[in-house]
Each structure stands twice: as structure tokens, then as C-alpha cells.
Amino acid sequence: MHYRITTLHSLEIIYMLKEVPQYDAKVVEQNIQKFWDEIDAYSRVRELRKNGKKFFFVDGPPYTTGRIHLGTAWNKIIKDSVLRYRSMSGDHILERAGWDMHGLPIEVKVEGVLGFKSKKDIETYGVGNFVAKCKEFALSHRDEMTVQFRNLGVWLNWKEPYMTLRDEYIEAAWWTLKQAHVKKLLEKGLRVVNWCPRCETAIADSEVEYADETDPSVYIKFQVMGEENTYIVIWTTTPWTIPANIAVAVHPSFEYAKVRVRKDGKEEILIMAEQLMANVLKQGRYRDYEVIETVLGENLRIEYDAPLGDKVPAQRKFSHNVYLADFVTAENTGCVHIAPGHGIDDFELGMKNKLPIFCPVGPDGRYTEEAGDYRGMHVRDANKVVLDDLTVNGLLLASGKISHRYGHCWRCKTSIIYLATEQWFLRVTDIKEQMLAEIEKVKWYPEWAGSARFADWVKGSRDWCISRQRYWGIPIPVWVCESCGETEVMGTRHELEKRTGVSKLPDLHRPNVDNIHIKCKCGGQMSRVPDVFDVWFDSAVASWATLNFPHDEKALKDWWPADFITEGHDQTRGWFYSQMGASLIAFGKAPYKSVLMHGFTLDTEGKKMSKSLGNVVSPEEVVAKFGAESLRLYVLSQNAPWDDLKFSWDEVGNVHRMLNILWNVYRFPLPYMVLDKFNPLEIKGTAVALRLEDRWILSRVSSLIRQVDAAMLEYNLHKATRPISEFILEDLSRWYIQLIRPRTWRESNDPDKLAAYYTLYEVLVTLTKLIAPFAPHISEEMYQNLVRNVDPKAPESVHMCDRAVPREEFIDTELEKQMNIIREIVEASSNARQKLKRKLRWPVKKIVVAPKKEDVAAAVRRLEEVLKEQTNAKEIVLLAPGETWEELGVEVLPVHAALGPAFKKEAGRVLAELKNADGKAIRRAIAENGSFELKEWTLTADMITFRDSIPQEIAQAGFSAGDVYVDTELTREIECEGYAREVIRRLQDMRKELDLAVEEEINAVVEIRDERVLELVSESKDFISGEVRAKSMALGSGIEVEGDLVKDWDVEDVRMKMGICRN
RNA sequence: GGGCCCGUAGCUUAGGCAGGUGGAGCGCUCGGCUGAUAACCGAGAGGUCUUGCGUUCAAAUCGCAACGGGCCCA
């Protein structure tokens, strides 16, 4: 550090505290990060704890897109804080930063850069070249993002991160797939998948993004066979799937109606759900109708003609019938168009009823040969053509538009379609029960993240389609025999090389592994399935891939499963799930022991941040304005981790202000300590004359540590950080520093000042260790000065220290409570002073505390000195609990409603007498007898009430457990001191204006135009001179005022002129 | 359409599991302090606790429904 060592004389080097400038977050953060690099702090901290309790953390790998956003910043800040805390607690931490580097998003970006439009462009360019570009893209973005994370002060293993594109990582994925194969959980099958016609690949459920879209909303009639002019009516938003229609589904328990309708002189019979008849007839603009009969869905037997049989010859081979299905809802017509090749429910209904899975659409989204006349047309363009053809066939009942949520490819935003294709699946539905059992064994924060949210998602999950028809990904290590269909899975590079005889593959990506063949037992040739893995499978194996398994089996045994992971709630369906699935396949148990699920960052409105809304705030912007530390503490303290965080610049500003105050608290004593050559090493262990307030702040800081530890146990980062801020603001800055100020100004080397130094020093050092996990920079900066500058043998970094521990001998909860009471009384007294406009600078004769309970009285007795000083009172008068202050008058208030009826005509005279009566005497009499005599009348308790009457110079204010009276009567002594303080304050102000050093002396001239005030001030001349360090001071009326700075003042309507000059 | 979470002052929030007068910070208004000073302190104003229904002697809190926001799914 730049100020660690002070050279006094050429020979002597001494270690001592240094003064510091104002807080500049950027300077502090840059210096500290540079310092960490210089001493290799991160690695040494890990090394330091290598004999500690093992703590294995797996970093959820961010995708290498290039820029981090607030959400990823928050994520890493949580991780960093937890790990720093655990490390300071003594744990031996194993972690590596992770990077998710494969997959379609990068392919799409690279395609964009190269100007490609389809897979054909990639094939022409060459798969090898394309993959190389993708790799380059991923690596360079990883570098950029690493810098961004490091600027936040995040300590992870950045030098040896795990990367999904590394061969070792790929092998971990291969090994895992092999386990699935061995356990018969891998299968190839025809399934309807979400398909992106632009990317020409299957995409996972989790890659489908739902957004509003306007689509056709059409009612179509299917001609019932053998019944002229009779139709069953269906509804759809995807007319392009009509050429693939195979069936109609109805609900078994709905009533279906046959309705005779007439329009334009034509008559036909329509079949639909009875309860939806009105809607359908309205859509078709039928006015005349007549219900012929109704029949329960389960009794409905209908065969109908293919609606577009004339255009799609293949359709003529199929018979088209009505089937029963529970998924049919009472919407639209109650009859659902079924195309098993283009819908998930459709497919399942088709499989169940052994219907043909007819899918006349190719991977590029164009109709195939099977689609007859539609061949070559893109489905995107087909809706209109199909509707025209249906119109020609007289089958279109109604056509409109609907706005609804529809799935899109989350990278290229193309509307997805459903296609029946051959894909590779992991049969996770087979292990669902096991997964649910494992979820219960994991400790979730918050609890409902696991028991409700995650369990719910797992219950509804389907088999996992892991194959993608793309290039940039982990190649699926499955070889299939072209002759007999036998499959083999390669678990490692070694296995592949051994089995094929190929060696020295440059790496395990495509196309290197594409043209390797294996000889099958049957004599045929086995080729690799050309697909790559779904990227979710990549990150799914992170917990063992990061341990370099399968190569390093010992690491797995020593460390796995992870002790802790933490990610956003979107990862319920993502990484929490993919890891759980893969881990059960590979090892039969959960890969993590505890999970903290955190929220999302939203804008101030609570809307999600998105480029299109223009409401995105980047972490860098925040760091540029307030520094990383403010951002860190802001995201940690603003919310409970699992709640979404509504970003607010104002709140970051507040946090920054708090840090600035912390800095000022730290900076405040340094000039004095430096001046006094304060050496904490010498004072430690020696008897220090601690005052009660010193013991109080030491107790507070120990209680605070307990609070932080309790919160961290449950990963309640907000409950750990908020009390710290509160302590800094309330206890340290607003109270303790104010209390010890007079002690620090003392020039003599007295034990009382040393006790204050000692206490503040102790508190600050403890605080650096306590806040280090959350605010690693400012704590390090403070530590370097406070500790390292005085003790070269201390650990080199605050992060190498053990976590702060409460000092039981200091904890005095009684004292803490009592101090709170004193603070309330001080506040009340300020309040009272304000009512009579008496400044704090002016002492008051006395303050009277009227406590409601004994504990207040005890507090006042114990902390009387503190109370006296802070209220600037000459005397504290403490009344007994419940006692009324005798100097208060009692006003008797008549109760007219009782007096009137009792005394009738005489009431007026009674009232008059009451006004002059002795209130105290009456109250005494009422208390004793319940009544009292007033002249010739006897008055009872119900006839009057009392009110304290307060003398003019007394101000009163209440607090939660009593009242405070401030006696502001001026005495000569008080005026003398008050004016002296007024003069001192102004001279100090002028010293400041001249920018004088604290210890510099001055010569002062003070001219006062008021004889009385001049006399009062003259009495305090020595006191004033001492306070402002004046070597000489001239006081008078009409004297000449000169100096380096001369100013006119108006002090309580008295004009003064002051001049000071440097000595 | 379903699951989970959230809705408290102009803004950000505490309180909610265990029902009993809703607490802070920012901002605003007024005042104070003055060797932490581009800092700090005090007071005041500001709340149908999203809405409705229910349980209860009593609901911000518990239940149901609606509305709005978020994530995930269909």
C-alpha cells in the first residue's frame, strides 16, 4: 500500500497510522484490487485454509454473451460474500468460476457476424471453420466478462475456470451419457418437439420463450362421411396444420349437439359441444337454427373426410375419426383438431390410438413431398393458402384474428412449430420419484423454493430431449450401426481412441469426431449420430466436471456433492433441474446439499429490464457512479435474496452515503491519533479506563456480530448487512463519535482519551473483519491502515483474518437497553429545547426526567454523565417513577356536565372559585378522600380533571417511557458560557476558512458592540483562547479589528467583528 | 389456463410464520450543529397496509376471490 511505511529519518522506519483523504470509492477499489493482485491474495487465502472444513461450491456458469447485467452481478456478489464469509470462518473452499460456452445463442451471433441465413451457409463455409469462430467468440467474451466480474471484487478461481468447451469437460458429459445408456435411460424416439424452423433444430422446453402474437382464429367444418351436408366443427389458430389433420378429439362427458342451420337459403347440420353452440352460431352468422339431437361425447361415433384430401393425396390413405380426450376444454367448439405430427397432446393421443404420426413438414419449415400441392411452401406462408383452399371446399365457417401467447425460439425469436422427429431422450420420467425424494433431502433457502416450486416443476416434467441438430456443442458420443441399428456410447476420449484406432484428435468438437467409424459386431459400419447436446446438458454435469471427473476420482470422493449453490429462480427449471436429473442418472443422488434461490433484478417500476423497453441499467454504470462497494451492499441489503429486486438509483446513493459515513468515522480520529502517536499495540492488554459509553459500543459491536452470524447461517444476507449499516449510522456515527469528541480534542495524554482511542480502534478493526465479506475493498483499505500500518506481523490482508467473534466479556445487554433510553431522553430534550428555541450550544440550568418505570430511572442514574453532556445541562433531576415534578403547577379543569346538574344556579360561582383554587391541594384531597371542600361546596372526583401547567421557561417533551422537562432559565453563568460558545464557533469557522491545521495557533481580535455581552465574554477569555488555540486575544468595544481574515457576525442580535491571523 | 413468489407513505422497505395503537430510510417543509464539514443532527407533514368477501371480541398479519407485477409452465 502506498502509505504503509513512514520514513522518519533516513535510518529509522516506524510503523504508524496515517491520515487519509476523503472517500473516493474508485481510488480505493482500484488500489485494493491492485494490491490483491500484487500479493496474490486470492490464492493465498485459499491456501491458508487448506486444513479447514471442506466447503465445495459450484458456480452456476454464466453464458458467454459478452456483457454482464445487474442480475449476474447480484448473483456473483452473493456467491462472493458467502464464500468470503465461509473462508473467514475457517472453511477450506473449493470452487472454480464456470463458463457456459456452447450452444445456439453463440451460433446465432456468429451467423449474424458472418451474414449467414441458414444451415446451408454454415455447411458451405465449413463446419470446422464455423466451430472455430464460435470458439473464438466464446473465449473472447469470457475474457471480457471476467474483467467485469473482477471489478466487482468477486473472488473466484478465474485462473482455472471450468469451461464447457474444454475436452475434459466434454468427457464428463460423455461419461454421464454413457451411464444413462448403461442404465437404459437413454433412448431414441419419435416425439413431437419444439422446433425452430430458422435454426432447424429441436429446442428444449426451457428454450421456448412465450410472447404475444396475432394469429388466425378459424372455425373449420369437417364433412361427416355418409351424412350429406353434415359437419363437425373445429377451431384452430394454426391452419397450416390442417393438411396434417388425422382426427378430432371430443370430451367424453360433454354433450354434443347436432344443429340444423340455415343461411343464404342453404341448410346444413353442424356438430359441436352443446354449451358452445351460441358462440359457434354467432361466429358463423347463422340466424335460424334447430337442435336435432344431443349426444354425450363418449357416444359420438363419427368418421369424416380429410378436409384437404384433394390437395394432399397422402391423406386419402388415412381414415379420420373422432376420439375421446380429457384435455378437451369447453372453449370454442369443444371439438379439437388433431394433427399427431404437430402437437404434443395430438401426438400422445395418436400414439394411444395407434394413429399415423403424419408430419408432412421438413426441418426447414417447408412442406415435404407428402404434402402434395403444398410441397415446398413454407408453413409461415401457408395459413392464407390453406384458408383459401378450405373456402373453395366450402369448409370455412368463420375466420378472424386472435392475440395470444405463443412460443418463440428464445434466441432468434422465430415462432416455433411442433414437429414429430427422431430425437435422443433421457428418460427422466423414470426417475421422477427418486428426484422428488432427493429434493426433500436438499436444504432449500427459502424452504418453498424446493418444496413448492421445484417439486412442482419436477412433477410436471417430461422426458428430456438432449439432441440438437446443430454444430457448436458437445458432440453426442453415440455411434449407431447403419446395418443392424446397434448403439454404442463412448464415455471418454481414451475409449473412443481405443475403439476406433483414431488418435491425436485436435479436440473433441465437430467436425473432428464426425467421420470416425466403428466396426459393428454384425460387420456393419457404425457412425456417430450427427447431433450435439442440448446446452443444458453441458451445465448439468458441472458439479463433477469441475472436479475433473471422470479422470480424477479421488476429488469426487473427497468433495462431491456440492455444499452450496445459488442461482436465480429461473434456474428452477434450468440448472437446479438439469443438474438434479443428470446427477441421479450418474450417481443416484442429488449433486448439491443446499441451494439459495435468489430473485431477478427489475426496473424501478417492477418491470423486467429489457433492451426493447430501454430500462436496462448495467452494473458498470452503477460502479462508475458509486463504486462497486455501493453496488455490492445495495444488492445484498435491499431485499431478501429470494425477492425480486426493484433497482433504484436513490437507494444505491443511500448505501454510498452510508459507506461515506463509515469512511468519515474511520477518518475522524486519525489526525488526533497520528498527532498523539497512538500505538494500539502498546495499549492492548494494559488497563484502560473504559467509560460506560466505551463499554456500550463494545457491547453493541459484539451483539452485532452475533446478529450477523445468525443471519448468515440461513443465508439471510439482507439480515446480515442491514444491521451493519444501522450500527454504523446510528450507534457509531450519530452517537458514539459525538460522545467521544471532547475526549479526542484533549491535548494532554490522559487515560480517558486513550480509552476512547482504544475503544474506537477496537470497534473499527472489528468492523473491518465483520464487513469484509460484503464490502471487501473498503474493509481492506481500513485494515491496511489500522492494522498493517501498526503491526507488520498481522495477516497481510483482512481476508486472511479469522471472522470477527463476539467478545462475551463485553456483552452487556442491560447497558445497551439503558443507552437506548438515554438516547430517547436526549432526543426528547432536543425536542423540548426547540419549542423554546434554545440552541444546544447554550447550556440549560437543569433537565428533569419523569420516568414511568424504574428501568428508566436506573438508566438515568447509571448514564447520568452521558445524559448531562449530550443535553448540555448543568444538572439532571430524576423523579421517582410516577412522581409529578413539584415545580409544575396544576390546573383544575371543571367538568361542566357534572357540575351543572349538581350545583344548578350556583354552578357559575363554583366555576369562578375553581379558577382561583389551589390545584395541588385539590389533587391531594381527591387522591386521599375522593372529594374535597371548596368553600361551602363539596366536589367529587367526577366533577373535575387536572392538567399540568408548565412554567414559561420550562419546555416539556415526552418519550416512550416518560417525560422530560428542560429548564431554560438563563443565569449569568449560562449566558457567559453561551456567548463564549457562540464566539468559539465563529472563530473555529474562520480557522477552517483559512484552512489551518488542527494544531496551528492564531492571534485573534474580537470586537463586541454590546457592553453587557462584552463583559460576559470577557469572563471566558481564557476558555475561548484555549478552545481556538489563540496565543493572543484582544477583546473590546470599538477596537480595531484586523488579521488574515476579518468577518462581521450577528450573534443573537449582537453585532460582533472578528479577525484572526496565523501566528 | 396452472404452480410459486410479491403488492405497506411520492420512492425503497420493516412488520406477516406465532392476529392486539404500522416502524424506518430517501425525498419534502421547518429548525439546529460546526475541526467527520461537498459531512452531520432534530422536528413536522405524509398511510383506505392493492380491492372485495370471510374467520375472529380484534386482521397489514389467517382463509377465499379479484386486480397488478415477477419467474416458471401449458
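Good morning, everyone, and here is a case: the charged end of K221 sits over the ring of Y231, 4.8 Å from its centre. K76 does likewise with F149, lying over the ring's face at 4.6 Å from the centre.

A word on the source. This is a predicted model, where local features need pLDDT of at least 70 and side-chain atom pairs count only at pLDDT 80 or more, while totals for chains, interfaces and linings use all residues. Residues are numbered from 1 along each chain as its sequence is written, chains are lettered from A and ligands numbered from 1 in the order in which they are written, and side-chain values use heavy atoms, with hydrogens and water left out.

Now, rings with rings. How many aromatic pairs does a search of the whole structure find? There are 40, counting rings of Phe, Tyr and Trp (its six-membered ring) with centres within 6.5 Å; planes under 30 degrees apart are stacked, over 60 edge-to-face, and the rest tilted. Take F130 and Y471: their ring centres are 6.0 Å apart and their planes stand at 80 degrees, so this pair is edge-to-face. It links distant parts of the chain, 341 residues apart, with F130 in helix α6 (residues 127–151) and Y471 in the loop between β22 (467–468) and β23 (478–481). Helices (H or I, at least four residues) and strands (E, at least two) are DSSP runs, numbered from the N terminus. Both F130 and Y471 are buried, meaning under 20% relative accessible area, with exposed over 50% and partly exposed in between (1.4 Å probe, protein chains only).

W544 and F587 are edge-to-face too, because their centres lie 5.0 Å apart with the planes at 85 degrees. Elsewhere, ring pairs join F55, F57, Y445, F564 and Y715 into a cluster.

Next, please look at the sheet. Four strands form an open sheet in the order β33-β32-β39-β38, with mixed pairing; two strands pair if DSSP finds at least two bridges between them. At its edges are β33 (876–878) and β38 (954–959), each pairing on one side only. From one strand to the next, the twist averages 20 degrees; axes are lines fitted to C-alpha atoms, for helices over the stretch in contact, and angles run from 0 to 180 degrees between N-to-C directions. Strand β39 (residues 962–967) runs antiparallel to β38, joined by six bridges, and I954 stands opposite D967 in β39. Helix α29 (residues 864–871) packs on this sheet, touching β32 (846–851) and β33, and its direction makes about 130 degrees with that of β33. Contact here means heavy atoms within 4.5 Å.

One more helix, α28 (residues 854–862): V856, A857, A859 and V860 are buried there. Why are they on the same side of α28? Because they cover an arc of only 160 degrees around the axis, taking the directions from the helix axis to the C-beta atoms. What covers them includes α27 (813–835), β32, α29, β33 and β38.

Last, a hairpin. Strands β35 (residues 931–934) and β36 pair in the antiparallel sense over four bridges, and E933 stands opposite T938 in β36. Two residues lie between the strands, and K935 takes a positive phi near 50 degrees. Strand β36 (residues 937–940) has W937 and L939 on a covered face, and T938 and T940 on an uncovered one.

Definitions and conventions
A charge sits over a ring if NZ of Lys or CZ of Arg is within 6 Å of the ring centre and within 35 degrees of the ring normal.
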